Amino acid sequence: IGVGSNLDDPVKQVRQGIEALDDLAQTSVVLRSGLYRSSPMGPQDQPEFINAVVAVMTQLEPESLLAMMMAIEKSQGRDRSAERWGPRTLDLDLLAFSSVEMATDELTLPHPGIAQRIFVLLPWLEIAPCFRVTGAKTVEQLARSLPGGDVKIQKLE
């Protein structure tokens, strides 16, 4: 699960989001990356993001986990009617769910944007470099294939 925020004390928002994930029924956070600061992917006239990636063990189905993640976002002030890729108090993205591949109106697994997002791949690389994301590609292989680009990222802790 990718965790990010750039509003209302983003470090606190990310930490609270991770705690809320760990408090979900039938779910436990088993690995968590450090925190990373990155420039926004969307409109540049917004604050930098704080990002992390966590791995959870869960007995929930992907759709149920996603619904609970969206409820956590809402409880922390997330406004989904706001601008796409704009500022947000909390963003929780279900990046992958074991080896499940699916595409519905609500959920695509693995997350289609993983391979282009250094702010996801670097924290994920820290906790599970050998995780196979798509076909034969691991997190480490995807991270190595990313160009440096304009996105600046810095590990905070």
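Predicted model: local features only at pLDDT ≥ 70, side-chain atom pairs only at ≥ 80, totals over all residues.
Analyst: Residues are numbered from 1 along each chain as its sequence is written, and side-chain values use heavy atoms, with hydrogens and water left out.

User: How many helices and strands does the protein chain have, and what pattern do they follow?

Analyst: Helices (H or I, at least four residues) and strands (E, at least two) are DSSP runs, numbered from the N terminus. The protein chain has 4 helices and 10 strands, and along the sequence they read β-α-β-β-β-α-β-β-β-α-β-β-α-β.

User: Why is Met 57 called exposed?

Analyst: Buried means under 20% relative accessible area, exposed over 50%, and partly exposed in between, with a 1.4 Å probe and protein chains only. Met 57 counts as exposed because its relative accessibility is 56%. Met 57 lies in strand β4, and together with Val 30 and Leu 31 it makes a nonpolar surface patch of about 280 Å².

User: Why is helix α3 called mostly covered?

Analyst: In helix α3 (residues 118–127), 7 of the 10 residues are buried, namely Ile 118, Phe 119, Val 120, Leu 121, Pro 123, Trp 124 and Ile 127. These buried residues pack against β2 (27–32), β3 (36–38), β4, β8 (132–134), α4 (139–145) and β10 (153–155).

User: What makes a group of residues a nonpolar core, and which residues have the most contacts inside the largest one?

Analyst: A nonpolar core is a set of buried Ala, Val, Leu, Ile, Met, Phe, Trp, Tyr and Cys residues joined through side-chain atoms within 4.5 Å. The largest has 23 residues, and those with the most contacts inside it are Ile 1, Val 3, Leu 21, Leu 65, Leu 92 and Leu 94. The elements giving two or more residues to this core are α1 (10–22), β4 (49–58) and α2 (62–75), and the largest share, 4 residues, comes from α2. A second, separate core of 16 residues includes Leu 95, Ala 96, Ile 118 and Trp 124.

User: What makes the backbone at Asp 8, Ser 98 and Pro 110 worth noting?

Analyst: Most residues other than glycine have a negative phi, and most peptide bonds are trans. Asp 8, in the loop between β1 (2–5) and α1, has a positive phi near 50 degrees, and Ser 98, in the loop between β5 (91–93) and β6 (102–103), has a positive phi near 55 degrees. Asp 8 is exposed because its relative accessible area is 56%, and Ser 98 counts as exposed because its relative accessibility is 57%. The peptide bond from Leu 109 to Pro 110 is cis, with omega near -10 degrees, and Pro 110 is found in the loop between β7 (108–109) and α3.

Technical notes. Patch = residues over 30% accessible without salt bridge, like charges linked within 9 Å, V, L, I, M, F, W, Y side chains within 5 Å. Areas by Shrake-Rupley, 256 points an atom, 1.4 Å probe, with all protein chains shown as cover. Salt bridge = Lys/Arg side-chain N within 4 Å of Asp/Glu carboxyl O. Contact = heavy atoms within 4.5 Å.
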